[in-house]
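User: I would like to go through some contacts in this model. Please take them one at a time.

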Amino acid sequence: MTELHPRISKAVIPAAGLGTRFLPATKATPKEMLPVVDKPAIQYVVEEAVSAGLEDVLMVTGRNKRPLEDHFDRNYELESALGKKGDADRLAKVQESSDLATMHYVRQGDPRGLGHAVLCAAPHVGNEPFAVLLGDDLIDPRDPLLQRMIEVQEQHGGSVIALMEVAPEQIHLYGCAAVESTGDSDVVKVTGLVEKPDPADAPSNYAIIGRYVLDPHVFDILRKTEPGRGGEIQLTDALQQLAEDEKVGGPVHGVVFKGRRYDTGDRADYLRAIVRLACEREDLGPDFRTWLRSFVAEEMQER
């Protein structure tokens, strides 16, 4: 009989980064609030957590991140104005973000890396497994990655990370996993992890993408983890210890994701994400695709 493990109910979203790759747009606006079509990127992430059954969401923020809290709060003046106009569609869109989940916030006073951001969630999470979702990676809702990761964690216990195969020359941009096959085609056992290795030293081309389901023992390890690459406390280093010793917090498994992922952490990929998502919208797609074909045709003729 398959052993069942505690049901996950909480999601943690680290959102304290400075967004320096998007300056000057992020000088006064959190990078998580940059719009992807007509919703801020962070809302897609919260929606993903909720669709996986995680309606208790803790956001780890920092200075100048107040707009994140405002976005998921009520705006009575705006709602009243839209109600008086009889604009039910826009009113529903405004209220949607404030009704999505039970939102909590904690500040990461000192930006000491992803591992430290996750550690800031310890008092809220307590002694139960939890999910971590990074805002730079948007996962298409038609490809339920997080739900699958939760299933794997409930079956095996321990921690589960999301993996994606990338070109070998790109692996230096990611955390990388050494893996062993299991009985499931989309699940591997993780035997080792390294943060942004040189391609020649990478144990595989399995890159860690921004979704984790973590055993709470990771907090004990993070408290003792010294700063690693970049002078930051790396979550990858803590997961490496969990992978080395299953007695500490169970095994580490990886779910190999082959679905649609939109990387908004890079300017070029951010633009591609907007184009892809706009093309797939029923209200925008038909006209936008027509314009896009015309634009590309003109560009090709000019070159």
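User: Is R260 buried, partly exposed or exposed, and what is its relative accessible area?

Analyst: Buried means under 20% relative accessible area, exposed over 50%, and partly exposed in between (1.4 Å probe, protein chains only). This is a predicted model, where local features need pLDDT of at least 70, side-chain atom pairs count only at pLDDT 80 or more, and totals for chains, interfaces and linings use all residues. Residues are numbered from 1 along each chain as its sequence is written, and side-chain values use heavy atoms, with hydrogens and water left out. R260 is partly exposed, its relative accessible area being 33%.

User: With which residue does R260 form a salt bridge?

Analyst: A salt bridge is a side-chain nitrogen of Lys or Arg within 4 Å of a carboxyl oxygen of Asp or Glu. For R260 the closest N and O atoms are 2.8 Å apart, and the partner is D143.

User: How many residues apart in sequence are R260 and D143?

Analyst: R260 lies in the loop between β12 (252-256) and β13 (261-263), while D143 lies in the loop between β7 and α7. Strands (E, at least two residues) and helices (H or I, at least four) are DSSP runs numbered from the N terminus. The pair therefore ties together parts whose separation in sequence is 117 residues.

User: Is D143 buried or exposed?

Analyst: The relative accessibility of D143 is 16%. Because buried means under 20%, D143 counts as buried.

User: Which residues do salt bridges that share partners join into one network?

Analyst: The structure holds 19 salt bridges. Those that share partners join into one network R21, K31 and D136.
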